[in-house]
Amino acid sequence: MNLIALGEKYFDEVEISKYRRREVDISVELNRISMASSSERSITVVRGIKDKRMGICVVEGDDHAIENAILRAYKMARVNDRDERWESLPTKQRYREATKVDESLKEIGSDFFVNLLLRAIENIRREDENAVVAGGSSGSMWIESNVENSHGVDISQRYGATYFYLNLIGRKGEQVTPGIFDIDARRDTNLQWESVVDRVLRKLKKAYNVVKAEKGESRVIFEPFALGELLEFTLIPSIKGERKVKGTSYLQDKLNDRVVSEKLTIEDDPLHPMSIVNIIADDEGVATQKSTIFENGVFKGFLWDNYWGKIEGMDSTGNGYRSFKTGGIEIAPHNLVIREGKIPVEDMIGDIEDGYLVSLLQGAHSSNPATGDFNVVANPAFRIQDGEISGSTVFMMSGNAYHLLGRVERISKEQRMIYAMGKGVYPHIEFTDVKIAPVNR
């Protein structure tokens, strides 16, 4: 049955989006495999508009279930208020050529990831008998989707990814180190788990030596994960067009102004070579694109979905994301990329006489997205003295994300794929004059 044609009998315009999602996840706790799970779910979202009234229904099942969902969405539309700002669903698009997909991700089983984690635990215990894999996980996701609407949009996509992460602590007597976290994520099965193990072990070795942070202003290097945590709750909300329309974005009136350091260029690029969300269309069927957000420190534009873009008189940038809970659309970056610098991370550390390296943050979620203000705890963090990491430490940092991003000293040439906190490709960034306050441990 032509479900779009059926929907048009009830709605002025209708969209039917089908998703099949398969996930495998293996978890580790205290050096043991604690849980293995595999799930597969197929859902359909019907979104229809009648007289500027929208009805949405999320359903699992075959065409018969979707037919019922169309009727239920129509009943919901009839009782909803008119949205006078509504214009229309997206029209027919032209898409870029899709990148090659690793088809093995569609069927990969749990044994593959169990084996990686067991080998990692074995290697860690062999290298450091005091080390404990407090937590960790490895697994995969596979998504197939089709978005179709009554204006000619009809796009199918397939993509997947794998991930591997560890959270390591060390115990020596009564001393317990901070948790040392690292991750690898990619869109094939070639997970670099041995590199993850090597990095967490090297950090753990430094973490056993606890040193004190000094109150004042200092040079601080943010690792990609810490950077991702901070930006997720400060900068990223403000680049969404919805906030611009509502007047709640820090970047409200700053188009074409230099807002951050001229050393920073930030883009949203779903087809970046390191991206694990390599899609050519968003969840509304709008073609994705590379969107420049900051170019040499200058703010170049917001991200838009179809609805908020039309309200503002802007084209969608292809950043509509489906909420599987409500069936509605939200604005989100696909793969935020901070352009790399030219200096190796080791050289950045080696040039610092006295400073800090921040691995992760606590409390970033309490930041103020409207202003960019933050108050966080750097934990784990490491002190750098005479060009070397001397030991682990904990301290508080407070300030404003935009002011911080205006004090970029250097950017590493290495980049890492961020998956645990948002999705993006970030380098290490060194900042100057960061205010810190020690925390007693």
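User: What should I know before I start?

Analyst: Because this is a predicted model, local features need pLDDT of at least 70 and side-chain atom pairs count only at pLDDT 80 or more, while totals for chains, interfaces and linings use all residues. Residues are numbered from 1 along each chain as its sequence is written, and side-chain values use heavy atoms, leaving out hydrogens and water.

User: What is a salt bridge, and how many does the structure hold?

Analyst: A salt bridge is a side-chain nitrogen of Lys or Arg within 4 Å of a carboxyl oxygen of Asp or Glu. The structure holds 27 of them. In one of them, glutamate 40 meets arginine 20, with 2.8 Å from N to O.

User: Where in the chain do glutamate 40 and arginine 20 lie?

Analyst: Look at the strands (DSSP runs of E, at least two residues, numbered from the N terminus). Glutamate 40 is in strand 2 (residues 32-50) and arginine 20 in strand 1 (residues 13-29), 20 residues apart.

User: Is aspartate 182 buried or exposed?

Analyst: Buried means under 20% relative accessible area, exposed over 50%, and partly exposed in between (1.4 Å probe, protein chains only). Aspartate 182 counts as buried, at 3%. Its salt-bridge partner is arginine 416, with the closest N and O atoms 2.9 Å apart. Arginine 416 is buried too, at 17%.

User: Which residue forms a salt bridge with arginine 383?

Analyst: That is aspartate 354, the closest N and O atoms being 3.0 Å apart. Arginine 383 is buried at 8%, whereas aspartate 354 is partly exposed at 38%.

How values were computed:
Helix = DSSP H or I, 4+ residues; strand = E, 2+ residues; numbered from the N terminus.
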